[in-house]
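Hi,

Here is the structure I promised to pass on. Have a look at it first, and then read on for what I found.

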Amino acid sequence: MKQTVVAVAVMSIGLGAAQAQETVVKLGSAAPLTGTIAHLGKDLENGTRLAIETINAQGVSIGGKKVKLELVGEDDQADPRTGTTVAQRLVDAGVKGVVGHLNSGTSIPASRIYDQGGIPQISPASTNPKLTLQNFKGVFRTIANDVQQGGALGNFAVKSLGAKKVAIIDDRTAYGQGLADETEKAVKAAGAQVVAREFTTDKATDFNAILTKIRAASPDVIFFGGMDAQAGPMLRQLKQLGVNAKFLTGDGGCSPEMIKLAGDAMTATTYCSMAGLPLDKMPGGAAFRDQYKKRFGGEVQLYAPYAYDATMAIVKAMEKAGSPEPSKYLPELKKSNFAGVTGNVSFDDKGDIKEGAVTIYSFKDGNWVPM
Amino acid sequence: METLIQQFINGLVIGSVYALIALGYTMVYGILGLINFAHGDVLMVGALVALQTMMFLMGMAPGMSPLVMLAIALLVAIVVCMLLGFTMERLAYRRLRNAPRLAPLITAIGVSFLLQTIAMIIWGRNYHTYPQLISTTPLQPIEGVFVTPVQITIVIASAALMIGLLLLVNRTKIGRAMRATAENHRVASLMGVDTNAVIAFTFVVGAALAAVAGVMFASNYGIAHYGMGFMPGLKAFTAAVLGGIGNLGGAMLGGVMLGLVESFGAGYIEHLTFGFLNSSYQDIFAFIILGLVLIFRPTGLLGERVSDRA
């Protein structure tokens with residue numbers, strides 16, 4: 001580690017000597033670059049890289065001094081422990097802000113380290129509400145959290161599907177229960193009735209008893225907060241019990257696995273949700289896709305635009321504050337308000353993006369299709 | 001009313017599966033006084049071996065009739081599980097037959113972990129879609145009550161297997177040897193009963209029943225994975241205790257009863273407690289009943305009738 005720091009230091013001295021009038025400001029990126037979701041992690045890092053290169057090409061000055069941004073990329077392996085190690089490494093490397101991590105499970109433990117180091121962190125991918133509820137001053141995200149997702153699901157059930165009576169099931173996990181509670185609130189707020197609230201576990205396979213009970217309440221829409229391993233068999237059992245209600249679930253069931261497990265019980269009235277927008281629906285989506293393709297030669301996977309906006313938010317705040325020092329630019333970061341690739345970027349007092357977008361998908365021709 | 005009948009059917013179907021698994025626990029307990037905690041995992045192995053066989057057959061002979069395919073897969077699963085049951089007894093339990101009771105119990109838990117881990121290595125961590133070769137399109141015998149052909153098959157097949165087992169234990173020579181071994185295996189062996197063979201046979205029969213239960217369980221829910229045996233195994237063990245462990249009739253009664261209690265519990269717990277408890281407490285309902293039964297009848301509903309032990 002020491003060697004890395006020395007090397008980076010030598011490098012920046014070298015750069016400083018070559019371009020005496022330029023100050024180097026380092027920004028960190030942390031995401032899984034190895035393992036099963038490495039493609040998503042690389043995509044995230046590329047989003048940050050693209051933003052930094054764009055800014056450097058345009059030229060930026062902070063506090064009257066010309067600044068060159070530099071990316072320090074780290075691999076957290078989607079592992080909470082590695083996540084905290086690389087977080088410490090980024091703090092030691094003297095980065096002025098971090099874009100990452102991808103998984104909520106790594107973002108949350110890492111956020112403590114950034115907080116202790118006084119460095120702002122913006123996650124472009126972690127949706128667990130807990131991330132921004134830890135009373136850390138410098139934690140933000142540019143993607144909708146599960147509270148916003150629950151709200152969108154509830155609204156969709158009532159307003160788009162016209163549900164008057166909704167049944168809600170959850171698997172009693174932090175994720176499932178949280179999402180179901182938020183959905184229930186939104187359903188009630190939108191004026192529909194929650195006719196049944198049932199529970200199962202994340203290990204169950206038989207749901208006949210609770211589904212029979214739900215059938216007696218004849219709901220228009222059934223919402224399940226949980227994972228695909230339960231949602232799949234549940235949908236099959238609904239069909240076997242002759243229930244024709246529409247079925248709605250969150251991102252835990254929004255997977256190809258769900259389609260496999262539910263088999264022929266999947267119908268056009270099966271819906272799921274995911275945080276974020278499909279690229280086509282983002283205000284700057286088309287231009288971003290071209291730019292990304294030109295630079296990296298591939299398609300945007302998922303989180304690159306959110307990482308791009310997160311990086312932009314940090315740099316814009318530095319410009320406004322006239323300083324790359326976290327303590328100086330943090331108040332400006334909180335006040336961020338600009339049109340990004342993914343939409344308008346501004347944060348609420350917890351650090352969550354305001355009006356974070358959630359997309360509902362429906363099942364069509366063997367695939368999840370955004371509505 | 002439809003809801004009441006539907007809950008009864010739900011309970012009966014899952015209860016039949018519990019009963020079939022409970023028989024394996026109770027037979028082994030009756031003879032050895034051993035609770036074979038790996039029994040639930042034999043069920044998982046049965047389901048996954050049958051899955052593998054079906055996949056193979058679908059690749060080799062795509063035109064094969066689904067029922068024939070299911071029969072072949074079931075047969076392969078039964079044979080593999082019988083071998084597994086035999087091996088388990090021979091390698092893990094036989095040496096511990098005269099050891100303190102705790103030793104074979106801990107060994108059984110170890111065998112359970114071992115089977116799960118091996119299955120995880122072979123079949124991976126993912127959930128598998130299980131081919132539903134018997135139709136799952138619901139029939140409506142009564143307006144508003146739905147039953148699928150696979151559920152009907154489960155109830156009938158379980159009943160047939162249970163009757164077959166009772167006949168085997170009570171009417172055949174090997175059955176008599178089993179009963180004799182259960183009563184006192186030392187005396188039985190003095191009378192010329194090969195108790196080692198009888199005990200091995202008991203394990204093999206129990207494993208075969210578990211294989212059938214596994215295939216039925218997976219076919220009904222359309223899903224299988226390496227951890228699928230744990231919950232039904234635990235429930236079936238509860239059922240065996242409820243009915244009186246060591247007692248065949250008790251295992252059947254306990255299994256069906258547990259299924260019904262669970263189903264009605266989840267369906268009506270809210271009304272029964274005036275909204276105080278909801279379906280997240282559905283599992284405690286079954287255990288409250290178990291507790292009550294054991295307080296008033298410590299040997300279970302039908303008790304450990306020694307003459308009937310097998």
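This is a predicted model: local features need pLDDT of at least 70, side-chain atom pairs count only at pLDDT 80 or more; totals for chains, interfaces and linings use all residues.

Strand β1 of chain A (residues 22-31) runs parallel to β3 of chain A (residues 65-75), and 10 bridges join the two. Strand β2 of chain A (residues 60-62) pairs with β3(A) as well, but in the antiparallel sense and over three bridges. β2(A) and β3(A) make a hairpin with two residues between the strands, and in that hairpin G63(A) has a positive phi near 60°.

The other piece of chain A I looked at is an open sheet. Seven strands form it, with mixed pairing, in the order β8-β7-β9-β10-β11-β14-β15. At its edges stand β8 (193-199) and β15 (367-370) of chain A; each has a single partner strand, so one side of each has no neighbour in the sheet. On average, neighbouring strands here are turned by 25° against each other, if you ignore direction. Within this order, β11 of chain A (residues 270-275) and β14 of chain A (residues 358-364) run antiparallel and are joined by five bridges. One residue pair to click on there is C272(A) with its bridge partner Y361(A) in β14(A).

Now chain A as a whole. It has 12 helices and 15 strands. Its radius of gyration is 22 Å, close to the 21 Å that the globule rule gives for 371 residues, so chain A is as compact as a globular protein of that length. The C-alpha trace spans about 75 × 40 × 35 Å along the principal axes. Of the 371 residues, 55% count as buried. Among contacts in chain A with a separation of 6 or more, 69% are between residues 24 or more positions apart.

Four residues from domain 1 of chain A and five residues from domain 2 of chain A make up the contact. On the domain 1 side, the residues divide into two nonpolar, two polar and no charged.

Chain B comes to 11 helices and four strands. Its radius of gyration is 20 Å against the 19 Å that the globule rule gives for 310 residues, which is close, so chain B too is as compact as a globular protein of its length. Its C-alpha atoms fill a box of roughly 60 × 55 × 35 Å along the principal axes. Buried residues come to 52% of the 310 in chain B. For contacts in chain B with a separation of 6 or more, residues 24 or more positions apart account for 75%.

Last, where the chains meet: 23 residues of chain B are in contact with 22 residues of chain A. On the chain B side, the elements that give two or more residues are α1 (2-32) and α10 (248-272) of chain B. The largest share, five residues, comes from α1(B). By type, that side of chain B divides into eight nonpolar, 14 polar and one charged.

Cheers

Definitions and conventions:
Residues are numbered from 1 along each chain as its sequence is written. Chains are lettered from A and ligands numbered from 1 in the order in which they are written. Two residues are in contact if their C-beta atoms, placed from the backbone, lie within 7 Å. Ala, Val, Leu, Ile, Met, Phe, Trp, Tyr, Cys and Pro count as nonpolar, Asp, Glu, Lys and Arg as charged, and the others, Gly among them, as polar. The radius of gyration is taken over C-alpha atoms; the globule rule is 2.2 Å times the number of residues to the power 0.38. A residue is buried if 20 or more other C-beta atoms lie within 10 Å of its own, exposed if 12 or fewer, and partly exposed in between; C-beta atoms are placed from the backbone. Two strands pair if DSSP finds at least two bridges between them. Axes are lines fitted to C-alpha atoms, for helices over the stretch in contact, and angles run from 0 to 180 degrees between N-to-C directions.
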